[in-house]
Amino acid sequence: MKKALAALPPRPVKATLLTIYAIAIAMAILPPLYLSSSGRSYVILGMPLTIWYWIVDALLVAFALTVLYFYEDARGELDEELNR
């Protein structure tokens with residue numbers, strides 16, 4: 001798995017993950033996106049749509065950062081040692 005991740009070109013992978021992260025951040029800080037779903041009374045699996053909005057937002061952030069971590073780990077780009 002690490003070899004497959006390391007073989008991917010860095011520019012498109014990071015651009016895709018940063019786009020997902022930017023969408024999640026925009027969902028969190030732009031009130032019109034939240035307010036457009038807040039007045040609706042839809043219930044999905046017993047929870048209102050507004051609760052799902054925040055769950056999806058948190059999952060997008062977690063997904064993007066986790067995949068980026070694994071990608072950088074496979075490429076050896078993490079600073080795991082302290083240089084003194």
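Ile44 has its place in strand β1, which covers residues 43-44; strands (E, at least two residues) and helices (H or I, at least four) are DSSP runs, numbered from the N terminus. With a relative accessible area of 38%, Ile44 is partly exposed. That term follows from a simple scale: buried means under 20% relative accessible area, exposed means over 50%, and partly exposed lies in between (1.4 Å probe, protein chains only). Leaving aside neighbours within four places in sequence, Ile44 is in contact with Leu49 and Trp52, where contact means heavy atoms within 4.5 Å.

The model is predicted, so local features need pLDDT of at least 70 and side-chain atom pairs count only at pLDDT 80 or more, while totals for chains, interfaces and linings use all residues. Residues are numbered from 1 along each chain as its sequence is written, and side-chain values use heavy atoms, with hydrogens and water left out.

The protein chain as a whole can now be described. It holds four helices and two strands, and their order along the sequence is α-α-α-β-β-α. Of the 84 residues in the protein chain, 15% are buried. Among contacts in the protein chain with a separation of 6 or more, 67% are between residues 24 or more positions apart. The accessible surface of the protein chain comes to about 6,400 Å², and 68% of this belongs to carbon and sulfur atoms; such areas come from the Shrake-Rupley method with a 1.4 Å probe, and for residues only the protein chains shown count as cover.

The largest nonpolar core has six residues, namely Leu5, Val13, Leu17, Leu68, Tyr71 and Ala74. Helices α2 and α4 each supply at least two residues of this core, and α4 gives the most, with three residues. A nonpolar core is a set of buried Ala, Val, Leu, Ile, Met, Phe, Trp, Tyr and Cys residues joined through side-chain atoms within 4.5 Å.

Ala64 is in helix α4 and, at 2% relative accessibility, counts as buried. Beyond its neighbours within four places in sequence, Ala64 is in contact with Leu17, Ile20 and Tyr21. Ala64 and Ala22 are 42 residues apart in sequence, and their C-alpha atoms are 9.6 Å apart in space. Asp57 is also found in helix α4, which spans residues 49-75. With a relative accessible area of 6%, Asp57 is buried. When neighbours within four places in sequence are set aside, Asp57 is in contact with Ala24, Ile25, Met27 and Ala28.

Charged side chains provide another link. The count comes to one salt bridge, formed by the side chains of Glu72 and Lys14 (3.7 Å, N to O). This pair links distant parts of the chain, with Glu72 in helix α4 and Lys14 in helix α2, 58 residues apart. A salt bridge is defined here as a side-chain nitrogen of Lys or Arg within 4 Å of a carboxyl oxygen of Asp or Glu. Lys14 is partly exposed, with a relative accessible area of 25%.

Aromatic rings form a further kind of arrangement. A search of the whole structure finds two aromatic pairs. The ring centres of Tyr53 and Trp54 are 5.2 Å apart and the planes stand at 85°, so this pair is edge-to-face. The rule is that rings of Phe, Tyr and Trp (its six-membered ring) pair if their centres lie within 6.5 Å; planes under 30 degrees apart count as stacked, over 60 as edge-to-face and the rest as tilted. Tyr53 counts as buried at 11% relative accessibility, whereas Trp54 is partly exposed at 37%. Tyr69 and Phe70 form an edge-to-face pair as well, with 5.8 Å from centre to centre and 65° between the planes. Tyr69 is partly exposed, with a relative accessible area of 44%, and Phe70 is partly exposed, with 47%.

Ile29 is found in helix α2, residues 10-29, and is exposed, with a relative accessible area of 59%.
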